[in-house]
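Reader: I've got a model open and I'd like to learn how to read it. Could you walk me through it?

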Amino acid sequence: MNLRHAVALVLLVGWSLIMPPLSRDHQLVEKNAPLARWDTIGTYDSAAACSHELDKLTAVLAGNINYSVIQRRVLAGKCLAADDPRLHADNFEAY
C-alpha cells in the first residue's frame, strides 16, 4: 500500500450509527445478532458526532416506562468506526 492509498483510507473512515435487527415477527430486538446484520442508521465524520446523534435519539425516550420494540431498538443502538471488521463479517461477536 502506498502513501496515497493509506491517506485515502484514513479519510474514508467515518463512524456509523447502527441498530440491531428485529426478529422475523418484529416483536423482539436481536441485540446479540452479529454486527454485520445490524442496520446502519447514519454515518458521521467523528465519534463525537455519532454519539451526539445517538444521545439525541435516546433523550427522546427518557421517562418512558413501557418501551415499544422500536424504542428498545434505539436504546440498543451504538456507534462504531465504519471500518470495524465486525460490520462486515458474520463470524464476529456482537460485542
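Reader: Let's start with strand pairing. Which residue is the bridge partner of S16 in β2?

Author: Keep in mind that this is a predicted model. To read a pairing, pick a residue on one strand and look for its partner across the way. Here S16 is bridged to T43 in β2. Zoom out a bit, and β1 and β2 are joined by five bridges, in the antiparallel sense.

Reader: And in what order do the strands form the sheet?

Author: List the strands as you cross the sheet. You get β2-β1-β3, an open sheet of three strands with antiparallel pairing. On average, neighbouring strands are turned by 30° against each other, if you ignore direction.

Reader: Which strands does helix α2 lie across?

Author: For a helix, check what it covers and at what angle. α2, residues 47-61, lies across β1, β2 and β3, and runs at about 30° to β1.

Reader: What does the side chain of S23 make a polar contact with?

Author: With the side chain of D25, at 2.5 Å. Leaving out residues up to four places away in sequence, S23 also touches L28 and E30.

Definitions and conventions:
Residues are numbered from 1 along each chain as its sequence is written. This is a predicted model: local features need pLDDT of at least 70, side-chain atom pairs count only at pLDDT 80 or more; totals for chains, interfaces and linings use all residues. Side-chain values use heavy atoms; hydrogens and water are left out. A polar contact is a pair of N or O atoms within 3.5 Å; within protein, one must be able to donate a hydrogen and the other to accept it, and residues adjacent in sequence count only if both atoms are side-chain atoms. Contact means heavy atoms within 4.5 Å. Two strands pair if DSSP finds at least two bridges between them. Helices (H or I, at least four residues) and strands (E, at least two) are DSSP runs, numbered from the N terminus. Axes are lines fitted to C-alpha atoms, for helices over the stretch in contact, and angles run from 0 to 180 degrees between N-to-C directions.
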